[in-house]
Amino acid sequence: MSVVVTAAVVVLVFIYLRMNRQARLRWLQQIDLPGLWREQVKTGQAEASELRLLGGIASGEYRLLEGGEEQRGQWQFRGDELVLSPRQGDTRALTLRLFKPGEISLQDASGNAQLFHKQTDNVVSLQPPSKDA
């Protein structure tokens, strides 16, 4: 009897984990992070930041243009945070909020938030998307 209960628990845990993974993949596809994101210009702001995310749906390389300075490194999406790990400097964890497809907010630890809009183009990638999560 205990073998049947143990097997049932293992099957339920497996199903739960699989459903969580599928929900996460759907969420990542809805956010559609890879691409070019431009900050919405605020009143009195000289220039907007630009964030280019390359790679898979949950990680890859990034290039951030902010205040005339360029930063490059690795990005990763974990939970609800976009983690930017520059080649030089400290890692930044930004809380990501999706308002609608193509519009996200990135909030740093001090509470400052930036609103970004995804820039669309007509370039079609010849490489299949990676299946990382």
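This note sets out points on the confidence, strand pairing, cavity and nonpolar core of a predicted model.

1. Basis and confidence. The model is predicted: local features need pLDDT of at least 70, side-chain atom pairs count only at pLDDT 80 or more, and totals for chains, interfaces and linings use all residues. Residues are numbered from 1 along each chain as its sequence is written, and side-chain values use heavy atoms, with hydrogens and water left out. The mean pLDDT (the predictor's confidence in each residue, from 0 to 100) is 85 for the protein, and 88% of the residues score at least 70. Confidence is lowest in H1, with a mean of 85, and highest in S5, at 94.

2. Helices (H or I, at least four residues) and strands (E, at least two) are DSSP runs, numbered from the N terminus; two strands pair if DSSP finds at least two bridges between them. Strands S4 (residues 69-78) and S5 (residues 81-86) run antiparallel and are joined by six bridges. Arg78 stands opposite Glu81 in S5. Two residues lie between the strands of this hairpin, and Gly79 in the turn has a positive phi of about 60°.

3. Hairpin of S5 and S6. S5 is also joined to strand S6 (residues 92-100), by four bridges in an antiparallel arrangement. Leu84 stands opposite Arg92 in S6. This hairpin has five residues between the strands, and Gly89 takes a positive phi near 115°.

4. Cavity. On a 1 Å grid over the protein atoms alone, a cavity is a set of points where a 1.4 Å probe fits but cannot get out; lining residues have an atom within 4 Å of a point. Grid points are joined across faces, edges and corners, and a volume is the space filled by probe spheres set on the points. The count is one cavity of 30 Å³ or more, and the largest cavity holds about 40 Å³ of space. Its lining includes Leu84 and Arg92, together with Leu51, Leu106 and Phe116 among others. Strand S3 (59-66), S6 and strand S8 (113-119) each supply at least two lining residues.

5. Nonpolar core. A nonpolar core is a set of buried (under 20% relative accessible area, 1.4 Å probe, protein chains only) Ala, Val, Leu, Ile, Met, Phe, Trp, Tyr and Cys residues joined through side-chain atoms within 4.5 Å. The largest has 20 residues, of which Leu33, Leu51, Trp75, Ile104 and Leu106 touch the most other members. The largest share of this core, three residues, comes from S6.

Definitions and conventions: On a 1 Å grid over the protein atoms alone, a cavity is a set of points where a 1.4 Å probe fits but cannot get out, and a pocket is an open set with protein on both sides within 12 Å along at least five of seven lines; lining residues have an atom within 4 Å of a point. Buried means under 20% relative accessible area, exposed over 50%, partly exposed in between (1.4 Å probe, protein chains only).
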